[in-house]
Amino acid sequence: MLRAIGVPSVEDLFANIPEHLRGTLPIPDALSEMETLQLVQALAAENLNLAGRPAFLGAGAYRHYIPAAVPAITGRSEFYTAYTPYQPELSQGTLQVIYEYQSMIAELTGLDVANASLYDAATGVTEACTIAINATGRSTIATVGGLNPQYARVLRTYLHQEGFNLLEIPEEWVLDPEQVAAALDESVAGLVVQSPNLFGSIEPMADLAAAAHDAGALFIAVSNPLSLAILAPPGDVGADVAVGCGQPFGIPLQYGGPYLGIIAARAGLARQLPGRICGATVDGEGRRGYVLTLQAREQHIRREKATSNICTNHQLMALAATVYLSLLGKQGLPELATLCAQKAHYAARRIAAIPGFALASDAPFVNEFTVRTPVPAAEVNRYLLRREIIGGFDLGRVDPALQNYLVLAFTELNTRQQIDDLVSTLESLQPEVAVEALQSAGGVA
Amino acid sequence: MADFPDDLRYTTSDEWVRLEGDEMVSGITAYAAEQLGDIVYVKLPEAGQQIEQSEPYGEIESVKAVSDLKAPLSGEVTVVNADLDQNPAVINDDPYGQGWIFRFRPSNPGQYDSLLTAEAYEAKTKEG
């Protein structure tokens, strides 16, 4: 066999493994189940458990209440272990869920067609840009400073690899449509705008859509889908494609994932949509049924001509979102979004009144806003964490020039008491931080 | 209806061409339609589009595959069959008649003579 494949010896098959890693690894003896559990519990105890603790961190993932019915349904083995519904006759349960999910997303975004979901919003943004590039034949994507940096990074990697260009339009808290329009030229295939943006501000979407269309580009709207319950949906303001992260819909924070990539588009772009799409039809006896459709878009059929390598979805996460949305319903969802907004506005009013703190801008916001802090945001967060409060998103991580800016998010889980405690903790910050800095400099615990 | 009408010329990529004065009409052959299965979508070219012999000018999609449509001659597209939007399956029913895909004005009419005759094309499908 070695002769047949032209390899001198068995050892040569492992040539790619670094020398020092070959042979026997120094693995300790096995532990008993009880010892293993103790070891793992000790490691887990080094984390601060989010449960029951006040948290004000958002910037793309939000802690909302998840009704017990959601895990009760997603945990059912028929859903939990189901594979891809390539055989519709065996998979009507899965397919019906996808169809309902797609219907809800189309309604929420105000667009014509949604797919069965993508992995996350970052790849969703990338796929939306691919749609724009293919639809216009142009090769530049324009993004703005208010786009979530994780989405922007993934987009940058993808565009670079594919040989396309990225035009990054700087932003100061909220966009000026005229400034954006001036930056767009005829090389731009699509303009990507997030609203509410990274800073929490609501962007002037209709004007930005017009600016994009005037330049012959597509308008791609990125949003927290919960906000769409009370804001004008992307379809209504001129978006050609809408993307977002569906984590707020019944999906736990889970240390960053899995989350849910949402994408929807207007009817003319249906054949450019990546990933799985489910359609309704009738069977041989005229009964309503569901099937995967427009499959010739996908790479397992179109191969190298497919617009995307994605031919799957986040089925279990989409199921969670579908159950969650069914439970909240058309009335509950706007009520929830309004509640979050009310808490955020209450907090904003109180925090803005603290000496040394100020709102970064007076742009309208929903459940998230940015404050200017008297000391770097990272220090504020450390100060809060020492009191077992999880703070906000430090914008210094995105841009060192913004190190004194903190983005705070509020959900229905932040009680008024928690918000008042946050405020009084921030009020105590300036003198305390000075004392603590002296103490740690002097080596006193 | 013959599977290989002899008033047409054919390409090795399974397109047919009919000469109509200054213009030509083109579509895919009955053999191609049969191989593809039920046609569900045709990505048509646009009127005015320049086409080059053997280069893709559009796409044709069935339930199980997507194929390029390749230009039989070089030239300019004049009219496309808009009926194919609503009823792409007509290509399966009547590929040489109602299932025509587009009309064009050839820029190099001499290319027509080097296309396959019905007999040559039929022979090729039997080898294929």
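Analyst: Happy to! The C-alpha centres of domain 1 and domain 2 of chain A lie 29 Å apart. The assignment, automatic or from a database, gives domain 1 as 69-324 and domain 2 as 330-432 in chain A. This is a predicted model, where local features need pLDDT of at least 70, side-chain atom pairs count only at pLDDT 80 or more, and totals for chains, interfaces and linings use all residues. Residues are numbered from 1 along each chain as its sequence is written, with chains lettered from A and ligands numbered from 1 in the order in which they are written.

User: How many residues does the contact take from domain 1 and from domain 2 of chain A?

Analyst: Domain 1 of chain A gives 13 residues and domain 2 of chain A gives 17 residues. Contact here is two residues whose C-beta atoms, placed from the backbone, lie within 7 Å.

User: And by class, what is on the side of domain 1 of chain A that touches domain 2?

Analyst: That side of domain 1 of chain A has ten nonpolar, three polar and no charged residues. Nonpolar covers Ala, Val, Leu, Ile, Met, Phe, Trp, Tyr, Cys and Pro, charged covers Asp, Glu, Lys and Arg, and the others, Gly among them, are polar.

User: On to helices. At what angle do helix 5 and helix 11 of chain A pack?

Analyst: Helix 5 (residues 92-109) and helix 11 (residues 315-352) of chain A pack at about 60°, with axes 9 Å apart. Helix 5 of chain A is therefore oblique to helix 11 of chain A. As for the terms, axes are lines fitted to C-alpha atoms, for helices over the stretch in contact, and angles run from 0 to 180 degrees between N-to-C directions. Under 35 degrees is roughly parallel, over 145 roughly antiparallel, 65 to 115 roughly perpendicular, and the rest oblique. Helices (H or I, at least four residues) and strands (E, at least two) are DSSP runs numbered from the N terminus.

User: Is the crossing of helix 5 and helix 11 of chain A left-handed or right-handed?

Analyst: Helix 5 and helix 11 of chain A cross in the left-handed sense. Left-handed is when the near helix is turned anticlockwise from the far one by less than a right angle, and right-handed if clockwise.

User: What about helix 11 and helix 13 of chain A?

Analyst: Helix 13 (residues 416-427) of chain A comes within 10 Å of helix 11 of chain A, axis to axis, and they cross at roughly 20°. So helix 11 and helix 13 of chain A are roughly parallel to each other, and their crossing is right-handed. A:Tyr346 and A:Ile351 are among the residues of helix 11 that meet A:Ile419, A:Val423 and A:Leu426 in helix 13 of chain A. The residues of that contact between helix 11 and helix 13 of chain A divide into six nonpolar, no polar and two charged.

User: Which strands does helix 11 of chain A lie across?

Analyst: Helix 11 of chain A lies across strand 10, strand 11 and strand 13 (405-409) of chain A, at about 10° to strand 11. An open sheet of four strands in chain A has the order 10-11-13-12, with antiparallel pairing. Its edge strands are strand 10 (358-359) and strand 12 (393-394) of chain A, each pairing on one side only. Strands pair if DSSP finds at least two bridges between them. Strand 10 and strand 11 (residues 368-372) of chain A are joined by two bridges, and A:Leu359 stands opposite A:Val371.

User: Switching to chain B, what do strand 2 and strand 3 form?

Analyst: Strand 2 and strand 3 of chain B form a hairpin with two residues between them, and B:Gly21 in the turn has a positive phi of about 70°. Six bridges join strand 2 (residues 15-20) to strand 3 (residues 23-28) of chain B in an antiparallel run, and B:Glu15 has B:Ile28 as its bridge partner. Strand 3 of chain B also pairs antiparallel with strand 9 (residues 102-106) of chain B over three bridges.
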